[in-house]
Amino acid sequence: MSDHKDLLRAPFELGYTYKRSNGPVMSKFFDGLGEHKILATKSSAGKVFAPAAEFDPDTHEALNDLVEVGPGGAIESFSWIEKPQHHHLVKNPFAFALIKLDGADTSMLHMVANCNESDLSIGTRVTASWSSTQDKRITDIQFFTLET
Amino acid sequence: MKKVAIIGYAQHPILSNAGALNEVELIMPVVHHLFDELGIDQKNIDFTCSGSCDYLQGAAFAFVEGLSAIQTNPPIKESHVEMDAAWAMYESMLKIQMGDADTALIYGFGKSSPGNLDSIMSLQMDPYYISPLWPDRVSLAALQARVLLDKKIVTKEQMLSAVIEARVNSKNNKNALINDLIDESTYLEEEIISSPLNAFDCPPISDGSSAMIIASEEKAYEYTDKPILIEGIDHRIESSNLGSRDLSSSKSLQASMDHLQLNNFEFDVAELHTQFSFELPFLRSLLGLVDVPTNLSGGPLVGNVMMCAGLDAIGKTYESLKQNDLHRGLAHASSGPCLQHNMLVHLEKEQ
Amino acid sequence: MSTEEKPKDYSESPINLEYFYTAGSATTRFLNQVKEGKLVGQACPKCKAVYVPPRGSCPRCGVATNIEVPLTDKGCIESFTVVHIPIPGNPIVPPYVCAMIRLDGSNISFLHLIQGVDIQEIRIGMRIQAVWKPKEEWTHSLENIKWFAPIDEPDIDVATLRFKES
Amino acid sequence: MFATQYVGSFGERTMIQAGVIGVGQTKYDAKRRDVSMAGLVREAIDNAMLAANVEWDAIDAVVLGKAPDMFEGVIMPELYLADAIGAVGKPVLRVHTAGSVGGSTGVIAATHVCSGQFKTVLTVTFEKQSESNATWALSPRYPYSPHINAGAGGYFAPFIREYIRRYDAPEHIGWKVAAKDRQNALKNPLAHLHIPGIDEKMVSDTPMLWEPLRYLESCPSSDGACAMVITSQDQVGDRDVAWIKGMAVRSEGTLSAGRDEVNPQAGIDCAKDIYNQAGITNPYKEIDCAEIYVPFSWYEPMWLENLGFCELGEGWKVTDRDATAIDGEMPFNMSGGVLSSNPIGASGMIRFGEAALQVMGQAQDHQVENAKVAMGHAYGGAAQFFAMWIVSSSLD
């Protein structure tokens, strides 16, 4: 048997840039981000899903009625990261948060930055901060910041 | 419907880094241990099913490598779920109930040490809206913890005692990875990873494997006078849309409780696949287990082998019933962020 | 004339994960020998089948291969293909021959390259031997063998290679 | 003490009879850029539920299958897809058995019904290969491993060469299968490859990829999904049904001494098992048509032999005398097969589903006249994982 210290051990990277085709609903959502708009989908029962969901989880209905929500909203929950890990996109202390955008019935997971942990609580108002990029990705919203 | 019994369970000692062992070397000892204990070999097994996840160690087809641990000459009836091995047990049970098998071998293996579990598990999320933000598994759990704390469904004191008790209970599990005791001040001084969770609230990075053998009730009597039967089993998933879920409750578990008629049912013991401290008091309350000895093995907080920990909860419940004068046990397995997918297994020892 | 770039109909999602590969015990034992220029298979204690490279088990019997069996670097071509297309991440320039190499005394084959011969000459059953890199370049990898090249020995009937339990 | 030898028919094994009442597929294509993963999967599900004439409240459980998560970079996609596949509030299982997964997922879905735990089960499999590159995803580069990887074709080509050597098969057999399956694909509007005027000459004129395999002798890389609704006898009503008369899986270890990669024992055993269950003694005579997993042309003659449709060494002759053509004695891959559409994780279920469509009389332009008994087959890994079933238009 080999001793642990003799063990062969080497780093490797599993890296690939995936190509995501967004489909009709999410394409409109990502196009909307380019115009600094956040789109949601509205079910036949009137429930508003933001970001624009393709399917209603409960009725299984395919959703395609798009409505604009936000860009402001209230925090429903958050987790504060004092020391971001290297894979995190924000390098200073920040939060992941569930944000219920104005006009939506469900909340959206994103990041909240440029603030302190003590600034945040459930109900705190935040608003989208737009990224300079337009990659048709969720990162086109850079993060959310405290509403002034 | 045909009844199914658990007739054996084995767990590899949980390691922080099993680098010295490849998949085959992890799986073989637990399977051989079970075979030796029951005096059988692979030829006595009608169906074999495993659970694992390629991404944990970054190898496509980890389960194909793992299959080399099993005797496959002659070829075997075999399948694999890319899920916790608790679901491999579920599939195996259906095979027995259908009449296509009388015995089944289930195994799971997982090595979380080769990669960064926090970033890897981000890929469980919606690939368009969520995973590009790389939310780590602790932060996702923390979102649920905060909701539960805010609604006073769980208290900080309960989280502390979940952590302390897990370490006390680890003495019951010779395979536990963590067995040092901590006190309140140590817990309170620990650095927060993602508030409100600190490192003690989170399960340790773990490598290991587990195996189980189940059989039809009839077959089980060939092995034991007091089979431990799966009296009820149910699993359900919830929406992937975290923002549309009520994180202060569990629709899936409530539905399973109703389906299995477990509301107000009295269990003697329970093992829950609660990976984070707050999940234990949350689920104990939800499942009516407040007065039931729960996670006597220490649970995932003292060793959490991904793709096995759910099967381990079932196995540990089985062991509790087998080794003690206990009658009814409840096991819980889960998958996905914020307890998205849950399984309940109601075990009873024949009296 | 400038060609206008077609708008992308997809979004890019880079996923880069870093891992540490650990070889495990059986592979470590094997590769430690490869580093010394030796090929050491592992045999099944039950059926005696010899595995190279070993993964630590005999899937025929489901037991650990705990017997070390030194092998030569000679063998035969159990079968092969001529690869004509470039493979992502593979630096070898096509066409090249990728063969199932069966070392003498072993009971499974592994894939490696064949060179040092006209591609048209290569056939199933052909005798071959490893061509090693210079010793100073040896590492813990079968890449220490640059390729296998034919040797002047009569072909083998591959039907005789099939393992049978004695 | 424990060994159980199973003999006798499927009906004797299980008290509950199950059948397919709806098959749904997507249009297969190299790149389905018009849909998300959820949208792709849902397209197949909507088609299956429409064909089965069932609503969501009739679905008791969902079984999802696909090949490695690395193809799409989504871990355990049943979690993300729960909403799209209508699984919320229900049990869902995710199967992964390499290339055979589409078939084994069908078997597991039917097992859900035959166990007596569920009445009606929705099963769906998919692959969206355009999200990445299959050759990369199947074998990323690892430390200490030589740069030998030559893709799936490079892996299977040596087995094919050994088959050709063993039985002295002429090279045009591969071209013939490739042309025949693509001609069938012209009758299947959902097929990925539609090559007008395809014939042996066109195949033989395409570049060599992995000798002896030419470009058109290899399967494409496709996006697509396939779904089925499987239900128990008491739920069928007056619907068209493909009754499951036999189903089985078999596996053997990759690197196992004595394994014959050309004619794997696991395939032989799996076929014998389903024939035994379905009461079939002469598959060539008693099976009307088959959808067999042929990703590289030569696998048709190889599987003809492995599955007992003919003696060893005779497979290429069966192909050569056009017996596997859609109007032949033993039609294989009427839909165009894996050679014409290959969304890997779904490819096995497409075989199972197309077999069902044949006995339900719903295969439209690629229908085999009067097909009553059909076989679906899938294989994966290093030709080591097998899943098969026999479906019939009647329960007796």
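This section describes the fold of chain B and selected local features of chains A, B and D in a predicted model.

Chain B contains 12 helices and 11 strands. Its radius of gyration is 19 Å, close to the 20 Å given by the globule rule for 351 residues, so chain B is as compact as a globular protein of that length. The C-alpha trace of chain B spans about 55 × 45 × 40 Å along its principal axes. Of the 351 residues in chain B, 74% are buried. Among contacts in this chain between residues at least 6 apart in sequence, 78% join residues at least 24 apart. The accessible surface of chain B amounts to about 10,000 Å², and carbon and sulfur atoms account for 46% of that area.

Helix α4 of chain B comprises 14 residues, 85-98. The distance from its first C-alpha to its last is 20 Å, close to the 20 Å expected at 1.5 Å a residue. The helix is mostly covered, with 14 of its 14 residues buried. At its start, a side-chain oxygen of B:Asp84 comes to within 2.8 Å of the backbone nitrogen of B:Ala86. Just after the helix, B:Gly99 adopts a positive phi of about 100°.

In chain D, strand β11 covers residues 385-392. Because 8 of its 8 residues are buried, the strand is largely enclosed by the rest of the structure. D:Phe385, D:Ala387, D:Trp389 and D:Val391 point one way from β11(D), while D:Phe386, D:Met388, D:Ile390 and D:Ser392 point the other way; all are buried. The strand is antiparallel to β8(D), to which it is joined by 8 bridges, and antiparallel to β10(D) (residues 373-380), again with 8 bridges. D:Ile390 of β11(D) stands opposite D:Gly246 and is also the bridge partner of D:Met375. β10(D) and β11(D) form a hairpin with 4 residues between them, and D:Gly381 in the turn has a positive phi of about 60°.

D:Arg259 is located in the loop between β8 (242-251) and α9 (265-278) of chain D. The relative accessibility of D:Arg259 is 9%, so this residue counts as buried. Its side chain reaches the backbone oxygen of D:Thr254 at 3.0 Å. Beyond its neighbours within four places in sequence, D:Arg259 is in contact with D:Glu252, D:Gly253, D:Thr254, D:Pro264, D:Ala382, D:Ala383 and D:Gln384, and with C:Arg162 of chain C.

Most residues other than glycine have a negative phi, and most peptide bonds are trans. The peptide bond from A:Gly70 to A:Pro71 is cis, with omega near 5°; A:Pro71 lies in the loop between β4 (65-69) and β5 (72-81) of chain A. A cis peptide bond also joins D:Glu211 and D:Pro212, with omega about 10°. D:Pro212 is placed in the loop between β5 (208-211) and β6 (213-214) of chain D.

Positive phi values occur at B:Leu339, about 55°, and at D:Asp168, near 55°; neither residue is a glycine. B:Leu339 lies in the loop between β10 (328-335) and β11 (341-349) of chain B and is buried, with a relative accessible area of 3%. D:Asp168 belongs to the loop between α6 (151-167) and α7 (172-185) of chain D and is exposed, with a relative accessible area of 66%.

Definitions and conventions:
Residues numbered from 1 in each chain as written. Chains lettered and ligands numbered in written order. Predicted model: local features only at pLDDT ≥ 70, side-chain atom pairs only at ≥ 80, totals over all residues. Heavy atoms only, no water. Helix = DSSP H or I, 4+ residues; strand = E, 2+ residues; numbered from the N terminus. Expected span 1.5 Å × (residues − 1). Buried < 20%, exposed > 50% of the residue type's maximum accessible area, 1.4 Å probe, protein only. Polar contact = N/O pair within 3.5 Å; in protein donor to acceptor, adjacent residues only side chain to side chain. Rg over C-alpha atoms; globule rule 2.2 N^0.38 Å. Contact = heavy atoms within 4.5 Å. Areas by Shrake-Rupley, 256 points an atom, 1.4 Å probe, with all protein chains shown as cover. Pairing = 2+ DSSP bridges.
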